[in-house]
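These are my notebook entries on the structure shown below. I record what I looked up and in what order.

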Amino acid sequence: MSETFQTWGLTYEWAWFLATVAGILLIALPLMLAVAMIIYADRKIWAAMALRKGPNVVGPFGLLQSFADGLKVFLQETIVPSAANKGLFLIAPIITFTVALLAWAVIPFNSGAVLADINVGLLYVLAISSLGVYGVVIAGWASNSKYPFFSAMRAAAQMISYEVSIGFILICVVLYANSFNMNAIVEAQRGHGLGLVNGYWFNLLLFPLWVMFLISSLAETARAPFDLTEAESELVAGYQTEYSSMAFALYWLGEYANVLLMCALNAVLFFGGWLPPLELEILYWVPGWLWLFAKIFFFFFIFSWVKATVPRYRYDQLMRLGWKVFLPLSLMFVVLVSGWLMFTRYG
Amino acid sequence: MIQVLAFYLFAALTIASAVLVITSRNPVHSVLWLIVAFFNAAGLMVLVGAEFIAMLLVIVYVGAVAVLFLFVVMMLDIDFASLRAGFVKNFPLGLLIALVLLAELIFGIGAYQAGRIELGTGTADQVPVMAESNIAAIGQLLYGQYLFLFESAGIILLVAMVGAIVLTLRDRKDSRPQNIGKQVRRRPQDATRNVKPEIGQGVQL
């Protein structure tokens with residue numbers, strides 16, 4: 001995009017700066033809108049599965065419900081508990097929100113349409129997602145309250161556990177794609193399944209990894225059935241207990257932006273990102289970003305579906321699944337995948 | 001221009017947060033400042049073009065090590081008064097350590113300026129390949145030239161991990177762990193039965 005600005009007679013530095021700012025706005029603003037609409041979609045899907053109507057009052061079909069909620073939260077009073085550590089208490093939601101937006105910098109929306117086309121794109125995503133835990137942990141500690149603290153402890157253990165297996169799963173994808181660059185990973189999936197299907201999910205070795213990745217991403221974003229950090233039946237509302245007003249809204253937005261990010265990662269790493277699902281000329285008439293959005297929504301539907309139907313895990317079951325099932329399995333798959341690639345690619 | 005600005009920003013923030021690590025009164029704040037320091041160090045790594053190292057720094061130190069630090073430090077119950085009581089007594093020792101470190105730094109810089117030491121077994125015709133990406137270059141070194149050192153480091157870490165687990169493992173006789181396989185295998189007909197008891201008779205359990 002910086003070339004466009006350069007044709008307007010700007011120097012390279014200014015063109016780069018303006019292009020980056022424009023890119024950030026182009027990603028962040030639609031993302032916020034998408035989060036508002038996806039919260040509405042989440043509630044509608046959940047309601048449909050529970051044979052309810054869901055939000056249907058504000059606007060046509062209740063479409064403006066999220067904006068009404070946002071306005072309500074915005075007008076509320078910000079309450080900081082007197083025993084809280086004020087600075088950290090207020091910084092924590094900002095960290096969660098910022099980190100949720102940061103990782104979108106490397107998600108490719110179309111061929112070459114990516115804000116930061118860096119070599120280590122996937123590692124960057126892993127690095128940023130490992131920061132997500134700080135917002136929760138700091139909130140839990142700074143609230144100086146019993147339930148948020150328990151929640152913070154749970155979050156720290158849970159997110160680290162699942163990041164380990166996510167790391168191994170990503171390594172398998174990287175081995176197949178031969179690159180850490182997100183766009184290259186998408187390109188490598190072109191016609192991967194018999195020259196017809198775009199996506200790694202069609203691969204017999206990678207399909208189980210995708211299933212593990214989907215479950216791990218549920219745990220990583222602390223969505224049901226792994227939402228132990230805000231288990232309302234035991235911990236009131238977890239780390240969000242003491243939060244109100246905009247600070248609470250930032251958690252909300254950050255959480256859903258994270259969920260969308262994980263859906264986008266599922267789409268980019270295993271379902272061919274902005275490529276159409278089948279390698280057919282006619283499907284390329286639909287622009288790439290539309291395919292990506294469709295895939296993101298598909299995965300979000302799965303997330304909502306799981307939330308509506310699966311009961312919450314117990315904490316020790318969660319840990320067992322992470323360390324005793326996913327970790328050995330994903331390690332085994334690293335060996336299997338690299339062995340298979342050695343056999344087929346290098347003889 | 002922007003690189004210079006970014007360098008001074010990252011460098012100043014690294015040093016400032018490193019100072020704050022040791023001057024903050026609250027240990028949790030110390031850990032958080034340490035995280036800021038790690039982060040800015042990663043920024044410096046990006047500036048010198050070592051983006052792989054930068055990402056590893058964030059993933060390993062910020063994402064894992066510092067979280068565990070925070071985890072432990074948050075649960076500490078520290079008495080600040082007793083902590084500060086030993087300051088005067090320990091001051092000479094601290095000063096001595098600081099002096100030794102300073103001397104080491106000066107020696108190190110002096111030795112570096114006197115001439116580079118050839119580490120490893122590289123030969124003169126091996127020049128760093130700038131066209132290669134970071135990851136490929138590091139991979140070729142680790143899995144090529146330094147394969148045995150790398151593998152032995154891995155084995156040492158494995159032994160350390162097994163040792164730590166063995167030291168802390170206590171087999172408690174009174175614990176009743178779940179057997180997931182047994183639970184999954186359990187069928188309704190094994191666990192329930194239909195009976196039609198006589199009125200006033202009760203049920204045999």
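Entry 1. Chain B as a whole.
I note at the outset that the model is predicted. On that basis I read chain B along its sequence as α-α-α-α-α-α-α-α-α. The count for chain B is nine helices and zero strands. I then looked up burial and found that 16% of the 205 residues in chain B are buried. Among the contacts in chain B with a separation of 6 or more, I found that 56% join residues 24 or more positions apart.

Entry 2. Helix 1 of chain B.
I turned to helix 1 of chain B, which covers residues 2-23 and has 22 residues. Its span from first C-alpha to last is 31 Å, close to the expected 32 Å. I listed B:A6, B:A11, B:T14, B:S17 and B:V21 as the buried residues of this helix. Viewed down the axis of helix 1, these buried residues fall within an arc of 140°, so they line one face of the helix. I recalled that an α-helix has 3.6 residues a turn, so residues three or four places apart point the same way.

Entry 3. The interface of chain B and chain A.
I next examined where the two chains meet: 26 residues of chain B are in contact with 26 residues of chain A. The chains bury about 2,200 Å² between them, with 80% of it on carbon and sulfur atoms. In chain B, the residues that lose the most area to chain A are B:M55, B:I59 and B:M74, together 24% of what that side buries. I searched this interface for salt bridges and the rule finds zero. For polar contacts across the interface, the rule finds three residue pairs. Helix 2 and helix 3 (51-75) of chain B each supply at least two residues of the side that touches chain A. The largest share of that side, 15 residues, comes from helix 3 of chain B.

Entry 4. Helix 4 of chain A.
Helix 4 of chain A runs over residues 86-102 and reaches 25 Å between its first and last C-alpha, close to the expected 24 Å. I noted its buried residues, including A:L88, A:F89, A:P93 and A:F97. What covers the buried residues of this helix includes helix 2 (12-49), helix 5 (121-142) and helix 10 (245-270) of chain A, together with helix 2 of chain B.

I looked up A:V73, which lies in helix 3 (residues 65-75) of chain A. A:V73 has a relative accessible area of 7% and is therefore buried, the cut-off being under 20%. Not counting residues up to four places away in sequence, A:V73 touches A:S245, A:M246 and A:A249. A:V73 and A:A249 are 176 residues apart in sequence, yet 6.7 Å apart in space, C-alpha to C-alpha.
I then located A:N181 in the loop between helix 6 (146-177) and helix 7 (182-188) of chain A. A:N181 is likewise buried, with a relative accessible area of 10%. Its side chain reaches the backbone nitrogen of A:N183 at 2.8 Å. Leaving aside neighbours within four places in sequence, I found A:N181 in contact with A:D117, A:I118 and A:N119.

Conventions:
Residues are numbered from 1 along each chain as its sequence is written. Chains are lettered from A and ligands numbered from 1 in the order in which they are written. This is a predicted model: local features need pLDDT of at least 70, side-chain atom pairs count only at pLDDT 80 or more; totals for chains, interfaces and linings use all residues. Side-chain values use heavy atoms; hydrogens and water are left out. Helices (H or I, at least four residues) and strands (E, at least two) are DSSP runs, numbered from the N terminus. The expected span of a helix is 1.5 Å times one less than its number of residues. Buried means under 20% relative accessible area, exposed over 50%, partly exposed in between (1.4 Å probe, protein chains only). The arc is that of the directions from the helix axis to the C-beta atoms. Contact means heavy atoms within 4.5 Å. Buried area is the accessible area (1.4 Å probe) that two parts lose on being put together, summed over both. A salt bridge is a side-chain nitrogen of Lys or Arg within 4 Å of a carboxyl oxygen of Asp or Glu. A polar contact is a pair of N or O atoms within 3.5 Å; within protein, one must be able to donate a hydrogen and the other to accept it, and residues adjacent in sequence count only if both atoms are side-chain atoms.
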